Amino acid sequence: MNPELTRFKALQMYLDLVREIPEVVEVRLAEHDELHTIISAPPDDDAPCYSVIDAQVKVMRGVKDQPFLFLLLNYEELTLENPANHISSLGELVWKR
């Protein structure tokens with residue numbers, strides 16, 4: 001299979017899955033094809049993290065030779081009161097809620 005097509009298929013599958021997770025704020029593509037998934041949830045709420053991990057596992061099982069390294073980033077706050085936490089240095093914005 002064409003590597004670029006595999007890459008597109010993996011990304012599309014992942015974005016379709018994380019769109020269903022309300023706490024996912026944005027997804028960014030960084031160096032070495034790392035996908036950074038930004039979630040907004042209290043530090044003691046593990047459910048969104050597990051939902052994102054589940055989406056990652058589904059992609060890895062569903063796309064042979066998936067080309068991404070998935071990294072889950074859980075930021076404590078993404079609020080106007082704390083703009084320093086906004087993610088601008090992680091690379092290309094792929095999707096934002």
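Me: What percentage of the residues in the chain is buried?

Reply: Buried means under 20% relative accessible area, exposed over 50%, and partly exposed in between, with a 1.4 Å probe and protein chains only. By that rule, buried residues make up 34% of the 97 residues here. This is a predicted model, in which local features need pLDDT of at least 70 and side-chain atom pairs count only at pLDDT 80 or more, while totals for chains, interfaces and linings use all residues. Residues are numbered from 1 along each chain as its sequence is written, and side-chain values use heavy atoms, with hydrogens and water left out.

Me: In what order do the elements of the chain run?

Reply: Helices (H or I, at least four residues) and strands (E, at least two) are DSSP runs numbered from the N terminus. The chain has two helices and four strands, in the order α-β-β-α-β-β from the N terminus.

Me: How should I read the buried residues of α1?

Reply: Begin with the helix itself. With 16 residues, α1 reaches 22 Å from its first C-alpha to its last, close to the 22 Å expected at 1.5 Å a residue; the expected span is 1.5 Å times one less than the number of residues. Its buried residues are Thr 6, Ala 10, Leu 11, Tyr 14, Leu 15 and Val 18. Seen down the axis of α1, these fall within an arc of 160°, so they line one face of the helix. That arc is taken over the directions from the helix axis to the C-beta atoms.

Me: Which residues have the most contacts inside the largest nonpolar core?

Reply: In soluble globular proteins, nonpolar side chains tend to be buried together. A nonpolar core is a set of buried Ala, Val, Leu, Ile, Met, Phe, Trp, Tyr and Cys residues joined through side-chain atoms within 4.5 Å. The largest one here has 19 residues, and Tyr 14, Val 18, Val 24, Val 27, Leu 35 and Phe 68 have the most contacts inside it. At least two residues each come from α1 (3–18), β1 (24–29), β2 (34–40) and α2 (47–62). The greatest contribution is that of α1, with five residues.

Me: Which residues does Tyr 14 contact, leaving aside its neighbours within four places in sequence?

Reply: Contact means heavy atoms within 4.5 Å. With those neighbours left aside, Tyr 14 touches Val 27, Leu 35, Thr 37, Val 52, Ala 55, Gln 56, Val 59 and Phe 70. Of these, Gln 56 lies in helix α2 and counts as buried at 7% relative accessibility.

Me: How many aromatic pairs does the structure hold?

Reply: Rings of Phe, Tyr and Trp (its six-membered ring) pair if their centres lie within 6.5 Å; planes under 30 degrees apart count as stacked, over 60 as edge-to-face and the rest as tilted. The structure holds two such pairs. One of them, between Tyr 14 and Phe 70, is tilted, at 5.0 Å centre to centre and 50° between the planes. This pair links distant parts of the chain, with Tyr 14 in helix α1 and Phe 70 in strand β3, 56 residues apart. Ring pairs also link Tyr 14, Phe 68 and Phe 70 into a cluster.

Me: Is Phe 70 buried or exposed?

Reply: Phe 70 is buried, with a relative accessible area of 10%. It is found in strand β3, residues 69–75.
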